[in-house]
Amino acid sequence: MHLLTFKAYRFTLLVILVAAGVFIERAGFIKYLSDPFEMRFTINLILQHINMVIVSISAAAFIGLTIGIIFTRPKFKKYSGVVMYIVGLGQTVPSLAVIAISMSFIGIGFKAAVFALCIYSVLPIARNTLAGISSVQSWIIDAARGIGMSECRILFQIEIPNAMKVILTGFRIALIINIGTASLAFLIGAGGLGDHIFTGISLMRMDKILAGAIPTTLLALFADYLCGLLGFLIIPKGLRLDEKAV
Amino acid sequence: MIQYNHVYKTFGQGSDAVNAVEDISFKIEKGDLVVFLGPSGCGKTTLLRLTNRLIPLTRGNILINNQDTTTWNGVKLRQSMGYAIQEIGLFPNKTIYGNIAVVPRLLKWDEKRIKERVDELLFMLRLDPDAVKERYPTELSGGQKQRVGVARCLAADPDILLMDEPFGAIDPINREDIQNEFLAVQEKLKKTIAFVTHDIQEAIKMGDKIAIFQAGKLIQYDTPEIILTRPANTYISDFVGSDRTLKLLAILKVSDAMMAVHENVVSNNENTQSAHNKLRNNNLEFMIVIYEGRPEGYVNDEALKDTDTEVTNVTRPFTRVIHEDESLRDVMSHMLVSKVRHLPVVDSEGLISGTISYRDIQRCIRDIYKKNKL
Amino acid sequence: MSILDYIYKNADRCWALTLEHIWIVFFSVFIATLIAVPAGIAITRNDRVAEKVISTANILMTIPSIALFGIMLPFLSMFGHGLGKVPAIIALVLYSQLPIIRNTYTAVKNVPPSLIEAGRGIGMGSWSRMKQIEIPMAVPVIISGLRTAAVMNIGIAAIAAYIGAGGLGVFIQQGIARAYDEMILAGALLVALLAIFVDLFMALVERLLTPKGLIVSRERNKCIC
């Protein structure tokens, strides 16, 4: 019985993929990209997109980690609730609004887009860093202090490694949101794959829309995959042991 | 050694203030294992954590080898002492090797020396170094983790160990094993140890001395023997339990109570007639039959009379042979089910060294009480 | 301030667009809930299916909303609904699936089985168990999922202005086109306030619907003792 459902599932997946393929071809996506000019242009957009993402996510990671670390220190713990809410506003507020407001204050172009994307990506990282570090059991920290590790060493050798899994998940979520939101950057003159998408919509051209949508989605999926690999590299083996094989 | 001088620790302020530790003064001698005993909230754990400055003192001072603990840098102070806790607290992100190597690395030992030390410690605690070194804490059983916790405590070879219910989290069977192993290790290493527990049995078994606390104050500081025979007040005699004489039996050995052999032995190849004569001449109830120095059984008047053969043919077997190192409590346990009033005692090589009876045990206990009464 | 000026001068339009925005979001969350909550409950029966469903929904989330709008365009054009509210609502319903299904699944799964056993043991029938144990304990987490979906949808609905769905995103879209700063900021401010308000409102609903005992145990678990 299980074998049958499994086969049915695989078959349905195949049908969907084939249908998608046909649709994509019919829409002229392949033809569009086989034009060398368009191909080069698209690659340019992809590079712009990636550029924005990398800069903004790096800044967000730095800020998010710092916030997460600071507000798990005993001195500042009581403010963590308030700070988390403020950081959370960056995500409650709609992405389009953040981008628009950013543009009003910074002007159009790369800088404004990166600023907006950074604000938008800080929350998942900060929240997960905070949660991850908080979840390290208190007696482990006690043992570390008791045998003579300094606060700094405890942070880097015990707290952060043990929180790595959760922190990385936050980073992954932030990265994927970031890639999707970056498609709005076009609206304030920062380029990126949103160019194809928005232009395609206003011109009612399916091939252009797909030329923007598909690379963006693939980029997100690829980023997700890379995060998985990154996990493999930086999560200490001892903490990966109860996971099923990736 | 560790000296506590009028140590106070107060939590809270003003009218809410609570003295977790009040005017504690006593001294832990070098090489002693001192148990801090008492119910939850009595201050024993607080005192332990004051010793390595995990908590700051309110008043008084603590001297480690005649140096005030506040003159040290806190982190360095803790690196110089071992620290073990009930939850063990092995770092999940490090291997067993990595866990044990933490303090040696902080003290900048070279890797080769650390490697040797880790192997040495694991071996000493009866863990196979190669099987366990590269594993992670989640892969180990509770008993194994506990041993690694002790190993980590001893890693940098500190003179002083602070242990807070280190065996509390394992099941009673494993706990007894690891207590015995720890005592064996302590025999060899002779560390100065402060050992917190709320279990009176553990305290009696492990401690050279016991410090009993109540509501932050030190009530009595003596050897287990004295605490059992002369508890300072009703609180302590209640805490110790009304079966304290039985508990005392647990720490006394057979060698403390037994009667050495004298005329009451006979070779197994001797003739029963002459053996019978010997029995009667010396007014003995029984004689132990020996073969090559080891007890084979016993003979009494009933067995020997009217026979004429080798003693070995009429020997009656003992239900059990007792070893010199066994505790009197275990022997008592046997006596309750034995029909024989006397049991033979052998030494570590199995050679007869004496006998023990219920009377002997009683006499021994009475002598101890007499000795400890002022 | 010029933004407030703008809002004051165009109060009617602001109000109309805000209502339009709320309507789109409310309607899609409503429909999404009708689909996702039963689905979430259904997949608690089979862990493997649950895994697949949740990962499919996850993948759906990686597609940028504007891209999804774009892809639906030609299809829905066939029915004459390529632009406007219909594709917007469809996309919103699809995007809402993940938070609601995932939270429903987690909520139902996390009701401690021992509680259900206890209920059976003392003689509660399956409907009263549902009513008195499972639903009250699962509701807060489900509402939390609805909250996430609602806030997310407000954001996506703003983008939907670009495919003619209306709503507060129109201010931003037209403002950018005309380089009219006050218009952009008015739109941004209004939609931001809407999102914050809805977030707080749903948080309140969540709190009101959480059985008292759970709040106490959650507070206790939050502190690191």
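Visitor: How should I read the numbering and the values?
Guide: Residues are numbered from 1 along each chain as its sequence is written, and chains are lettered from A, with ligands numbered from 1, in the order in which they are written. This is a predicted model, in which local features need pLDDT of at least 70, side-chain atom pairs count only at pLDDT 80 or more, and totals for chains, interfaces and linings use all residues, while side-chain values use heavy atoms, leaving out hydrogens and water.

Visitor: How many helices and strands does chain A have?
Guide: Chain A has eleven helices and zero strands. Helices (H or I, at least four residues) and strands (E, at least two) are DSSP runs, numbered from the N terminus.

Visitor: What does the C-alpha trace of chain A span?
Guide: Along its principal axes, the trace spans about 70 × 60 × 30 Å. Of the 246 residues in chain A, 52% are buried; that term means under 20% relative accessible area, with exposed over 50% and partly exposed in between (1.4 Å probe, protein chains only).

Visitor: Which chains have the most contacts?
Guide: Two pairs of chains touch, and the most contacts are between chains A and C. There, 36 residues of chain A are in contact with 36 residues of chain C (contact means heavy atoms within 4.5 Å). Chain B and chain C do not touch, and their nearest C-alpha atoms are 15 Å apart.

Visitor: How much area do chain A and chain C bury?
Guide: They bury about 3100 Å² between them, 81% of it on carbon and sulfur atoms. Buried area is the accessible area (1.4 Å probe) that two parts lose on being put together, summed over both.

Visitor: How many salt bridges are there between them?
Guide: The count between chain A and chain C is zero; a salt bridge is a side-chain nitrogen of Lys or Arg within 4 Å of a carboxyl oxygen of Asp or Glu.

Visitor: And which element of chain A gives the most to that side?
Guide: H10(A) does, with eight residues on the side that touches chain C.

Visitor: Turning to Trp23(C), where does it lie?
Guide: Trp23(C) lies in helix H2 (residues 11-42) of chain C. Trp23(C) is described as partly exposed because its relative accessible area is 46%.
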